[in-house]
Amino acid sequence: MNTDLFASDNAQQNPAVPIGPGSYFLGGFLLADAAAVLGAVSEVTARSPFRHLTTPGGQQMSVAMSNCGSLGWVSDRGGYRYQALDPLTAKPWPPMPALLLERAQQAAKQAGYENFQPDVCLINRYTVGARMGLHQDRDENNLTAPIVSFSLGVAAVFIWGGLQRTGKSQRFMLRHGDAVVWGGPDRLRFHGVAPVKADEHVLTGPVRINITFRQTGP
Ligand code: MD3
Ligand code: FE
């Protein structure tokens with residue numbers, strides 16, 4: 001019998017904590033299989049490498065990105081969109097590894113979203129100083145589906161605003177192993193990530209990895 005209250009298996013079974021109307025925090029959700037999840041990320045990025053996309057305004061993003069799944073999120077001078085081909089390789093994005101899909105669906109279910117079928121898995125890589133400005137995720141056709149996010153490696157300060165760009169925002173840490181499910185009225189809230197501080201994590205080195213699962217279709 002497992003008597004260790006702090007074992008990661010137990011953290012995984014912790015209930016989803018509501019953090020807003022439609023959003024749930026699952027602290028330590030990935031602790032037991034973080035290494036395997038990072039291994040799945042490496043398999044994806046061996047085929048579709050991390051790259052710094054250009055915004056429609058012509059700025060290079062400080063976050064490096066890749067995708068897996070039937071569609072991937074891209075940005076260039078022409079705008080933001082989801083597309084089936086990786087513009088870097090001119091090939092389809094790698095398929096979503098089964099472990100990633102299973103864990104994303106499990107997180108969604110624990111937050112009460114039963115039929116989550118993500119077709120996009122966007123992988124963000126932050127090194128020291130990388131940040132993500134305040135934005136909404138509204139390129140998905142299905143705004144009734146939640147977004148599931150996994151954080152691994154170095155921690156970061158997450159900035160959570162409201163439904164308008166201006167106004168009050170909350171800040172909280174996203175740490176190694178945390179999952180958050182963002183849905184319902186919170187789905188269109190502005191959000192961003194403060195510049196990542198110099199730090200090291202045993203599994204990732206000086207890097208933060210964030211994985212978001214999105215459902216663009218019905
Ligand atoms: C709240 N990524 O890829 S994940 C993104 O840590 C993105 O890399 C951040 O924002 C990161 O678009 C934050 C948390 C997150 C993702 C989607 C959301 C929070 C959200 C959608 C609506 C509200
Ligand atoms: Fe976002």
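I looked up where ligand 1 sits in this predicted model: ligand 1 sits in the largest pocket. A pocket is an open set of points on a 1 Å grid over the protein atoms alone, where a 1.4 Å probe fits, with protein on both sides within 12 Å along at least five of seven lines. Sitting there means that more than half of the molecule's atoms lie within 2 Å of its grid points.

I noted the conventions. Residues are numbered from 1 along each chain as its sequence is written. Local features need pLDDT of at least 70, and side-chain atom pairs count only at pLDDT 80 or more.

Next I checked the shell. There are 20 residues around ligand 1, each with a heavy atom within 4 Å of it. Asn124, Tyr126, His191, Arg208 and Arg214 come nearest. The shell divides into 8 nonpolar, 6 polar and 6 charged residues. I count Asp, Glu, Lys and Arg as charged. Strand β13 gives the most, with 4 residues; strands are DSSP runs of E, at least two residues long.

Then I went through polar contacts, pairs of N or O atoms within 3.5 Å. The side chain of Arg208 comes to 2.8 Å from a ligand 1 oxygen. For Arg214 I read 3.0 Å to an oxygen of ligand 1, and for His135 3.2 Å. Ligand 1 alone exposes 490 Å², and the protein buries 98% of that (Shrake-Rupley method, 1.4 Å probe).

Last, I looked at rings. The structure holds 7 aromatic pairs, with ring centres within 6.5 Å. Phe29 and Phe150 have centres 6.0 Å apart and planes at 35°, so I logged the pair as tilted, meaning neither under 30 degrees (stacked) nor over 60 (edge-to-face).

Notes:
Chains are lettered from A and ligands numbered from 1 in the order in which they are written. Side-chain values use heavy atoms; hydrogens and water are left out. A polar contact is a pair of N or O atoms within 3.5 Å; within protein, one must be able to donate a hydrogen and the other to accept it, and residues adjacent in sequence count only if both atoms are side-chain atoms. On a 1 Å grid over the protein atoms alone, a cavity is a set of points where a 1.4 Å probe fits but cannot get out, and a pocket is an open set with protein on both sides within 12 Å along at least five of seven lines; lining residues have an atom within 4 Å of a point.
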